[in-house]
Amino acid sequence: MPLPIGETVKKGPSAELQSSGESICRLLADLLGRSVIGKKMPPFPLTPIGRRIVIAFEEDDGSIRFVLVCDTAFAAFAGAALLMVPAQIAKECVSAGQCTPELLDNLAEILNICRQCFDRPGHHIAPPQLYGAGRAAAAGVMSLIAAPKQRLDLEVKISGYGDGRLSILI
Amino acid sequence: MQFLIVDDSKAMRMIVRRTLRQAGFESCEAVEAANGMEALKVLETAAPDLILCDWNMPEMSGLELLKELQNGGNRYKFGFVTSESTPEMLGAAKDAGALFIITKPFTPEKFQETLQGVVGT
């Protein structure tokens with residue numbers, strides 16, 4: 001069933017959410033050892049969900065703190081850049097619409113580190129759950145995707161690899 | 001000199017190896033484990049000069065590994081390389097006997113500065 005594409009978002013991203021987006025790009029640049037530029041974009045389609053990778057970040061009590069949704073390009077380019085896998089391999093994944101398990105593992109590690117961009121005193125975020133590539137997201141995650149209170153959509157350019165899309169939903 | 005790198009992410013184990021080389025430890029040997037249980041098995045035959053360990057891992061976490069080693073009369077130098085950075089967790093690591101905590105992402109300079117005081121070069 002198609003999901004709404006941001007129609008339910010009542011207002012634009014808060015300063016805090018925008019700041020978290022900037023923090024993610026800075027952290028990616030540090031981690032990947034190359035230029036990473038994030039550009040704010042209009043909401044991009046989050047469906048069909050099978051072509052997106054969904055990463056849910058929960059607090060220790062199980063409540064969902066935020067969800068990231070990225071396209072295959074972001075996943076492949078970031079995952080490849082982490083270990084300097086040749087860009088051509090990542091581009092082949094983008095063409096096929098599917099990342100290799102190795103690149104997905106790399107992406108999971110990258111996003112695990114990105115947790116710190118959302119740190120808030122007294123609210124610990126557990127290592128993230130990655131959905132996609134045949135693994136369906138939990139109902140609570142799908143509800144948040146369908147009706148986020150806020151979202152920030154970025155086009156992320158990873159130098160030497162390419163551009164991908166990343167949405168932050170809270 | 002030998003390091004034991006414990007992390008459930010193969011990518012991160014490779015990055016830690018690479019960073020050790022960049023930090024001046026290029027002639028050192030490194031052995032790996034994917035979680036605390038695996039690390040205990042490795043320690044049956046290896047005697048690393050330093051254990052560099054992640055926090056969150058399946059089977060046995062880094063903190064559980066450190067406590068297990070302490071209960072068995074730990075003789076290993078032990079530090080965390082982790083994305084955990086809350087004051088509570090940093091305190092728990094120090095209380096359990098960790099010598100240092102390096103937060104991801106890290107740089108070769110951070111490794112050099114931290115490890116020099118622990119194992120020299």
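Predicted model: local features only at pLDDT ≥ 70, side-chain atom pairs only at ≥ 80, totals over all residues.

Reply: Strand 2 of chain A, residues 52-58, is mostly covered, with six of its seven residues buried. Residues are numbered from 1 along each chain as its sequence is written, and chains are lettered from A and ligands numbered from 1 in the order in which they are written.

Strand 2 of chain A has two pairing partners to describe. Seven bridges join it to strand 3 of chain A (residues 64-71), and the two run antiparallel. Strands count as paired if DSSP finds at least two bridges between them; strands (E, at least two residues) and helices (H or I, at least four) are DSSP runs numbered from the N terminus. Within this pair, A:V54 stands opposite A:V69 of strand 3. The hairpin of strand 2 and strand 3 of chain A has five residues between the strands, and A:G62 takes a positive phi near 90° there. Strand 2 of chain A is also joined to strand 4 of chain A (residues 129-131) by three bridges, again in the antiparallel sense. A:A56 has A:Q129 of strand 4 as its bridge partner.

These pairings belong to an open sheet of six strands in chain A, with the order 1-5-6-3-2-4 and antiparallel pairing. Strand 1 and strand 4 of chain A are the edges, each pairing on one side only. From one strand to the next the twist averages 25°. Helix 5 of chain A (residues 139-146) lies across strand 2, strand 3, strand 4 and strand 6 of chain A, and runs at about 70° to strand 3. Such angles run from 0 to 180 degrees between N-to-C directions, and axes are lines fitted to C-alpha atoms, for helices over the stretch in contact.

Elsewhere in the sheet, strand 5 of chain A (residues 151-158) is largely enclosed by the rest of the structure, because six of its eight residues are buried. Strand 5 of chain A pairs antiparallel with strand 1 of chain A (residues 36-41) over six bridges, and A:I37 stands opposite A:K157. Eight bridges join strand 5 to the antiparallel strand 6 of chain A (residues 162-169), where A:L169 is the bridge partner of A:R151. In the hairpin of strand 5 and strand 6 of chain A, with three residues between the strands, A:G160 takes a positive phi near 85°.

A nonpolar core is a set of buried Ala, Val, Leu, Ile, Met, Phe, Trp, Tyr and Cys residues joined through C-beta atoms within 7 Å. The largest one holds 82 residues, and A:V54 and A:I55 are among the members that touch the most others, a group including A:A78. Helix 2 of chain A (residues 72-82) supplies the largest share of this core, nine residues. Leaving out residues up to four places away in sequence, A:A78 touches A:L28, A:L107, A:I110 and A:I158; contact requires backbone-placed C-beta atoms within 7 Å.

Terms used
Buried ≥ 20, exposed ≤ 12 C-beta atoms within 10 Å, placed from the backbone. Contact = placed C-beta atoms within 7 Å.
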